[in-house]
Amino acid sequence: MERSYWERIAPNYNEEIFDVLQNDTSGKIVGAIEQIASKEKTVTDLGCAIGKWIPLLATAFKHVVATDISAINLDIAKEKCKAYPNVEYQRMDMSAGAITVIPCDVAVCINAILTDNLKKRINFFQSLNICINSGGHLILVVPSLESKLYTNIIAHRWNVDDDHKEKIESADKAYALAKNIKQGVTDIDNIPTKHYLEEELQLLLTLEGFEVERIEKINYTWKTEFTNPPKWLAEPYPWDWMVVAQKSPL
Ligand SMILES: C[S@@+](CC[C@H](N)C(=O)[O-])C[C@H]1O[C@@H](n2cnc3c(N)ncnc32)[C@H](O)[C@@H]1O
């Protein structure tokens with residue numbers, strides 16, 4: 001997942017990319033943001049894409065720094081969010097070795113740390129710390145590996161959607177899939193995408209200087225995984241992980 005991938009997707013973003021804000025019908029992410037928001041605080045939206053979260057953030061915080069690696073995404077966000085004068089747009093690669101930023105009181109990072117490249121993920125997690133003031137908060141949402149495996153097991157056991165119609169065209173592809181899954185990297189729409197374990201998130205954030213306050217499931221309907229979910233298929237529903245963490249005070 002290079003910058004070029006996100007630039008290419010940008011013009012058709014709504015058709016191509018899962019909308020977390022719309023699909024979180026529990027409102028847990030909005031609730032978590034509102035709980036720590038204040039007109040005295042600044043917030044950065046890391047991986048803001050076309051700015052779906054900006055209206056909420058701009059209304060609840062003093063100032064918003066909308067950050068993304070994609071210039072096209074940022075242009076779309078800017079155009080859509082003209083009504084919010086307290087938003088500043090910043091093109092930045094959070095996976096770059098060293099970043100220079102003015103830290104904010106809060107960072108929101110929703111399904112942005114998806115790269116299959118370990119070095120880029122390490123850098124992104126380090127950048128999270130740099131972007132937040134000491135004592136400030138992080139709200140992080142990422143795909144769940146547990147949920148993905150649970151979905152795969154159901155698909156295979158009950159042949160749902162013809163077992164997800166997975167095609168493994170070559171020995172190279174089979175090797176890549178096997179190697180990736182050991183690292184929690186598994187395809188979404190044929191794109192190798194990092195998925196996370198709950199314990200892994202706890203460890204990663206603790207080692208980056210955060211105190212994890214809570215990790216919660218953000219549940220979606222089975223329609224987000226299967227075209228034809230079996231009628232009997234109910235809870236637990238597929239989920240992403242949401243982490244609320246505080247950067248340790250100095
Ligand atoms: C799946 S979208 C999520 C968008 C948004 N947070 C939302 O929930 O609607 C991921 C976004 O992260 C951005 N992104 C990916 N890698 C990045 C990086 N290294 N630095 C900054 N932004 C990045 C992409 O350009 C894309 O806009």
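Q: What do buried, exposed and partly exposed stand for here?
A: Buried is under 20% relative accessible area, exposed is over 50%, and partly exposed lies in between, with a 1.4 Å probe and protein chains only. The model is predicted, so local features need pLDDT of at least 70 and side-chain atom pairs count only at pLDDT 80 or more, while totals for chains, interfaces and linings use all residues. Residues are numbered from 1 along each chain as its sequence is written, and side-chain values use heavy atoms, leaving out hydrogens and water.

Q: Is Phe-226 buried or exposed?
A: Phe-226 is buried, at 2% relative accessibility.

Q: And which ring pairs with Phe-226?
A: Trp-222 does, in a stacked pair with 5.6 Å centre to centre and 10 degrees between the planes. Rings of Phe, Tyr and Trp (its six-membered ring) pair if their centres lie within 6.5 Å; planes under 30 degrees apart are stacked, over 60 edge-to-face, and the rest tilted. Trp-222 is buried as well, with a relative accessible area of 3%.

Q: Which residues form the aromatic cluster?
A: Tyr-150, Trp-222 and Phe-226 form one cluster.

Q: How many aromatic pairs are there in the whole structure?
A: A search finds seven.

Q: Why is the pair of Trp-158 and Trp-232 edge-to-face?
A: Their planes are at 65 degrees, with the ring centres 5.0 Å apart, so the pair counts as edge-to-face.

Q: New topic: where does the charged end of Lys-217 sit?
A: That end sits over the ring of Trp-239, 3.8 Å from its centre. The rule is that NZ of Lys or CZ of Arg is within 6 Å of the ring centre and within 35 degrees of the ring normal.
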